[in-house]
Amino acid sequence: MSIIEKQADLGRSLYEINSSTLSEIADLSRKNIEQYFEVNRAFGEKLPEVRAVSSFFELQREYGETLWNNAREAVEAQNAILKNAFNETREVVSTAFMAEIGRAHV
């Protein structure tokens, strides 16, 4: 395989990794936004049930915890996607360059 073909293969592989990663991040973002609106809707429905200040503060605490947990999970999921993309990229680049280094030493 010529160097031009190898570079084209490397470019295609990197494009596929980037495309897949962006698609996964976009899907995750869409799910996070849907979840955010669902949480707001659910807690908004509970507001008319509040009859005391202590109930309001409890609902507010629960809402804050839910938002925090959802945000933490979203960041962990995004980190996993990016870590996977990094590992795939490292593997593709290493494979491309190791093949060239091996050929140079022959």
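Biologist: Why is Arg-12 called partly exposed?

Modeller: Its relative accessible area is 45%. Buried means under 20%, exposed means over 50%, and partly exposed is what lies in between (1.4 Å probe, protein chains only). So Arg-12, at 45%, falls in the middle class. Keep in mind that this is a predicted model, where local features need pLDDT of at least 70, side-chain atom pairs count only at pLDDT 80 or more, and totals for chains, interfaces and linings use all residues. Residues are numbered from 1 along each chain as its sequence is written, and side-chain values use heavy atoms, leaving out hydrogens and water.

Biologist: What makes Arg-12 and Asp-9 a salt bridge?

Modeller: Their side chains come to 2.3 Å, N to O. The rule asks for a side-chain nitrogen of Lys or Arg within 4 Å of a carboxyl oxygen of Asp or Glu, so this pair passes. Asp-9 is partly exposed too, at 28%.

Biologist: How many salt bridges does that rule give?

Modeller: The count is 10. One of them joins Glu-38 and Arg-41 at 2.2 Å, N to O. Those two are three residues apart in helix 1, about one turn of the helix. Glu-38 has 39% relative accessibility and Arg-41 has 40%, so each counts as partly exposed. There's also a network of salt bridges linking Asp-27, Arg-30, Lys-31 and Glu-34.

Biologist: How do you know that Glu-76 and Arg-72 are a salt bridge?

Modeller: Again, set the value against the cut-off: 3.6 Å, N to O, is within 4 Å, so the pair counts. They are four residues apart in helix 2 (residues 53–104), which means about one helical turn separates them.

Biologist: What makes a stretch a helix, and how many are there in the protein chain?

Modeller: Helices are DSSP runs of H or I, at least four residues, and strands are runs of E, at least two, numbered from the N terminus. The protein chain has two helices and zero strands.

Biologist: What share of the 106 residues counts as buried?

Modeller: That's 12% of them.
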